[in-house]
Amino acid sequence: MRLVQNAEILKYSLLLGAITALYNILTNLHPYLIISATIAAVLIGGYIGAVISKNKQLLAENKARQAEIQENLDQLKQYQEDLNAIFYNHSSWIWSIDVEDQMMKVSTGIERMLGYDAEEFEKDYEFWMKKTYPADMELVNKHYQRLLNGTHSEAQWRIYHKDGTIIWIKVMGHPIKNENGKVVRLLGVANDLTKAIEMEKQLQQVSLTDSLTGLPNRLSFNKRMEEWLKAQTDKDNMAILYVNIDRLKVINDMLGFKAGDLVLQIIAHRLQDILRPSDYIARYGGDEFIIALPYTEKTNVKTFVHNMMAQLALPFELENQEIDVTVSAGIVLFPEHGTTLNSLMSKAGVALHQAKQRGKNTVRFYELEDEALVKRKLYIELALKRAIDADEFELYYQPKIDLSTKEVEGVEALLRWEHPALGFVSPAEFIPIAEESGQMLAIGKWVVQEAVSQAGKWEEEGKPIKVAINVSNLQFEDPDFLNHLRYTLEQHGLSPHLLGVELTESMLQNIHTISPVLFELRQMGIHTYVDDFGTGYSSLSMLKTLPIDFIKIDKSFIDEITDHSGYSTLVKTIIDMGKSLGFGLVAEGIETQRQADFLLKNGCTLGQGYVFAKPMSVQSFEEFYKSKELLM
């Protein structure tokens, strides 16, 4: 711009100077005067050039400014059109309230959401208040007051649709203040939450309901009982019946899983028929039901038990066959036998076990253990508290064998405890005590640390061996379980695919709790196994919904496969279904070569059992592994 201005000045200076000089020469003016006049003309010409240049610059800037203004106007118009499109076409209810004039403006989304015309809201400032569900008015008033106080607010409440139905809405509002900080307008948006809330209720209902029988599930029962125990008074009494179907597995073996499912449904219906309104029943496991009975006299409980056994003794008709199904039950009383859910359920399990030992088809009340057993249990509980620090625990390793090549495909880590005075204590004895006394989490972490450390050493030595650890339900429910696994893997540098986690089949009943953990384990690259498969659930296909890698066929099936046609057919079915659903299969408790040959012939290629090797110490297993390598 400066160059243009200088050019204009030079142009007019030279032009006016030249004209003046020529004119004065032609008029025979004195040379001195000619020079003076010419200089003056040049100066005047420069001034004229500067003025003309400045005018041109101002004209150009004005034109550019007008173009910019027009562009901004066009943009504002587009924004306004976009806002109008949103305001009048969005499915949400967009609203604006003028606080001083008490005027409300709403978008047409209100018509789609609530059925009312926008005009009905705008002509009556309190129309939306009048349509609010009465029980939610206090919540709405608090929300509105927060806005008037100059604070952003969100709330959800119910409001009546024009057709009389109740709609859930979520409302977000924001206050607009003037230059003095006074709230003059409220702006916001409301969305229809009805479907989302209904879906949430349905999901919650599903999570608390057993899909086969329609009864509440274990999670629902535990939740209900915890609430009851918190609200109980000194006068409240409760009996808990832990009911188990005798020999459901035999029905599954002989008649198939569908027949087993039908038995569960029939028993569920029969139990419901004899319940009072105050009683509560749930399906607690694969072949287990749990019943809570508030009572005033113990005779009420005995009467119920008598009616229950009589009702369930009636024969069943399955596939044109009349069969008898019996149940066993353990009964525990609150507060006589315990005041917490864990203690009550533990003792109910003991009572059920005692009933089973007496020949099944029996009901047994929990009885206090004799003094010697109580003392031993207490001694073990106290000894467990120092077992880790005293280095009394050890992991034994039982190989998993490829049935075709006889190669070691991995190991299962098994916890062993040698006490200085008691000697070797069976896991079947000390693990339940550890769980009851709250020590299982610490022991479980020790097992993870020890197994991962050993697997890491083997991998570092160039012989990567897959190690599977057994995990309890308490560990799966521990919020720190996954973090501890990650930390331990990183600490010992173990590849995640060399670690496996084995959980019992009964743990799968609480599917909504364990499912997220199982998916996270798969993301981490850790393999998962369902141990003791076949001892509880009557349906294998339900496992397909979970990220399970391997199914371990329970030893009780393997024991009979070469001597009992029913069990051999059942194992074949499990293998075929497992393979078709994409699961790996491991047979537990193989004790003869005939069993191994049968399994391999029918498609199960992995197994473990005494025919190959018993659980061994690290040193013994390494010698065993080395001998296998030499044979190869």
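The expected span of a helix is 1.5 Å times one less than its number of residues; helices (H or I, at least four residues) and strands (E, at least two) are DSSP runs numbered from the N terminus. The model is predicted: local features need pLDDT of at least 70, side-chain atom pairs count only at pLDDT 80 or more, and totals for chains, interfaces and linings use all residues. Residues are numbered from 1 along each chain as its sequence is written, and side-chain values use heavy atoms, with hydrogens and water left out.

**Helix α17**

Helix α17 covers residues 481-492; at 1.5 Å a residue its 12 residues should span 16 Å, and the 17 Å between its end C-alpha atoms agrees with that. Phe481, Leu482, His484, Leu485, Thr488 and Leu489 of α17 are buried, where buried means under 20% relative accessible area, exposed over 50%, and partly exposed in between (1.4 Å probe, protein chains only). Seen down the axis of α17, the buried residues fall within an arc of 160°, so they line one face of the helix; the arc is that of the directions from the helix axis to the C-beta atoms. Tyr487 and Glu490 are exposed on the face turned away from the buried side of α17. Gly493 follows α17 and has a positive phi, near 65°.

**Nonpolar cores**

A nonpolar core is a set of buried Ala, Val, Leu, Ile, Met, Phe, Trp, Tyr and Cys residues joined through side-chain atoms within 4.5 Å. The largest such core has 79 residues, and Phe393 and Trp417 are among those with the most contacts inside it. Helix α15 gives the most to this core, with 9 residues. Another core, of 33 residues, lies apart from it and includes Val243, Leu255, Tyr295 and Leu333. Beyond four places in sequence, Phe393 is in contact with residues including Leu384, Trp417, Phe430 and Trp446.

**Val325**

Val325 sits in the loop between β10 (321-323) and β11 (327-334). Val325 is buried, with a relative accessible area of 4%. Not counting residues up to four places away in sequence, Val325 touches Ile245, Ile251, Val263, Ile267, Leu312 and Phe316. Its C-alpha atom is separated by 7.0 Å from that of Pro315, 10 residues apart along the chain.

**Whole chain**

The protein chain has 22 helices and 21 strands. Of its 632 residues, 44% count as buried.

Key:
Contact means heavy atoms within 4.5 Å.
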